[in-house]
Amino acid sequence: MHVMTATRTGRVMFVGAGPGAWDLLTIRAAECLRAADVIVHDSLVPRQLLDSIGGSARRIPVSRAEAAGGDPGANTGHLLVQLAEAGLQVVRLKGGDPTVFARLAEEIQPLRDAGIPVEFVPGVTAALAAAAAAGVPLTSRTSASSLTIITGHPADEKAAGIDFQTLAAIPGTLAVYMGVEQVERWSKALIAAGKPGDTPVTTVSRCSWPDQRIAASTLAACGSDFASQGWQSPAIVIVGEAAQAVAAAGPLSGRRVLVTRPAGQGDDLAALVRAAGGECLAVPVIRVEDPPSWEPLDEAIRAAATFDWIVFASVNGVRGFARRLRGLGLDARSLGTARLAAIGTATQTALEAAGFACDLTPATFRSEGLAAAFADVPAGGRFLLVRADKGRDVLRNELVARGHHVREVAAYTSRPDDAVDADTLAAIDRTGIDWVTVTSSSIAEAAVAVFGPRMERWRIASISPVTSGALARLGLRPTVEAAQATAEGLVAAMAEWEAAR
């Protein structure tokens, strides 16, 4: 009989981390990570993902359990039991999906024996992510009516029971996990079993990581190709007639674009880059945090109805304002007759998503544009500027000079992101970068600090004249500057430059 050692038993959530990029997590997975007391994670889960989503939870790499000797899966399972019996909410974070080649059976048995509550949160498994990254279908009505997933590196060949004769005869797609190290074994076995040597093969190495690589080969040639090209693990090998990688079309086809916005705020830009045919790598160089004190913002929110205009200088300002408004038990009614202004369309969209109506967006998306938009407001206006804890004072100075009453409050602060580690930089160096996007002065400063002389080798896309000025002060000249300070304008500028050449 199992004896409980704590008055309150916690629970364990087996959560799929997806292929690696934080933005490929499910919403439920992110919720579990934020609520966790402790995260027991695979070594292949990127630190950037944990830093972006993991909150303040204690982190335990699974290698600690493996080091105890014996069966690694069982050791990890016993560790999970100990943590849960201490009353903790435990996330067992596994790369990909927790049910696919993830030692789930070995890890879950000790939990079942101990009667620990367990939840499963699926993740994007590597085969699906790799196919999406390469732009290949896994099934086809004409050439692939099935999908078979195997491991190229089974723990025990006999136990794995891989029937290559049957696999070779199935008219479908074969997805080989952990297939690089043993490529000669399984590729030759398939050919010996009757699979044609010219069967298309697409390989995706380190899917969604900064050094992701995609290449096409054939079943007969993939062994020598892997050896000569030095593929990095983890990698997925997709074998079958449907698995023919198609080159991306578009003005950024073949270009690797580095997006440096804070975690969770580069999705629109990344989507536009991919739509233009480019490959997008997300490496945030700044992080958005709470201001040193919420009291100034809270006081301003309570007095919101006394202002004529509430001006938002960024999306993050909107988010901080809306969060504190709700935290004070208030809603849009507490703003009274105050009118709302946004510095640009992205900020306007954020206001509307938060349930507010935006009364003014300037034609030019920067402080000078806002100042010009208020040129006809009679002196004596009462303005609340919601912004970061540091930034340009153009708008405040202009409004004060015109006789207006201005109050500034910080809704957030931005700091350089020290999570960009040596491994990420090494991965970037291995694969190369064509473009780096710079979308604010603070990002310009942080990017130079993180990437150093690399910035001189990459083409730089600046979102605005203000950002270009910050780059110039740092000794860099942008290759292009967006005509409109939006993600669309930034991608259009890169696309036009590429098209002209």
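I take a residue as buried under 20% relative accessible area, exposed over 50%, and partly exposed in between. The model I am reading is predicted.

**Entry 1. Glu-31 and its partner**

I looked up Glu-31 first. Its relative accessibility is 41%, so Glu-31 counts as partly exposed. Which residue does Glu-31 form a salt bridge with? I find Arg-28, with the closest N and O atoms 3.5 Å apart. Arg-28 is partly exposed too, at 36% relative accessibility. Both residues sit in helix α1, residues 27–35. They are three residues apart there, which means a separation of about one helical turn.

**Entry 2. Other salt bridges**

I searched the whole structure and got 26 salt bridges. Side chains of opposite charge can pair when their charged atoms come close.

I picked Arg-256 and Glu-279 next. Their closest N and O atoms are 3.0 Å apart, and the pair forms a salt bridge. Arg-256 lies in strand β11 (residues 256–259) and Glu-279 in strand β12 (residues 279–282), so this pair ties together parts 23 residues apart in sequence. Is Arg-256 buried or exposed? I read a relative accessible area of 10%, so Arg-256 is buried. Glu-279 comes out at 23% and counts as partly exposed.

Then I checked Arg-333 and Asp-331. Their side chains meet in a salt bridge at 2.7 Å, N to O. Arg-333 is exposed, with 71% relative accessibility. Asp-331 is partly exposed, at 32%. I also traced shared partners: salt bridges join Arg-11, Arg-28, Glu-31 and Glu-119 into one network.

**Entry 3. Nonpolar cores**

In soluble globular proteins, nonpolar side chains tend to be buried together. I looked for such groups here.

The largest nonpolar core has 26 residues. Which members touch the most other members? I list Ile-310, Phe-312, Phe-321, Leu-351, Phe-356 and Val-386. Two or more residues each come from α12 (295–302), β14 (309–312), α13 (315–327), β15 (339–342), α14 (345–353), β16 (382–388) and β17 (405–416). The largest share is four residues, and α13 supplies it.

**Entry 4. Cysteines**

How many disulfides does the structure hold? I count zero. A disulfide needs the two sulfur atoms within 2.5 Å. Cys-222 is in no disulfide either; its nearest cysteine sulfur is that of Cys-207, 18 Å away. I checked burial for both. Cys-207 is buried, with a relative accessible area of 11%. Cys-222 is buried as well, at 0%.

**Entry 5. Helix α21**

I tested the length of α21, residues 487–499. It has 13 residues, and at 1.5 Å a residue these should span 18 Å. The end C-alpha atoms are 18 Å apart, which agrees. I then listed the buried residues of α21: Ala-487, Gly-489, Leu-490, Val-491, Ala-493, Met-494, Ala-495 and Glu-498.

How values were computed. Residues are numbered from 1 along each chain as its sequence is written. This is a predicted model: local features need pLDDT of at least 70, side-chain atom pairs count only at pLDDT 80 or more; totals for chains, interfaces and linings use all residues. Side-chain values use heavy atoms; hydrogens and water are left out. The expected span of a helix is 1.5 Å times one less than its number of residues. Buried means under 20% relative accessible area, exposed over 50%, partly exposed in between (1.4 Å probe, protein chains only). A salt bridge is a side-chain nitrogen of Lys or Arg within 4 Å of a carboxyl oxygen of Asp or Glu. A nonpolar core is a set of buried Ala, Val, Leu, Ile, Met, Phe, Trp, Tyr and Cys residues joined through side-chain atoms within 4.5 Å.
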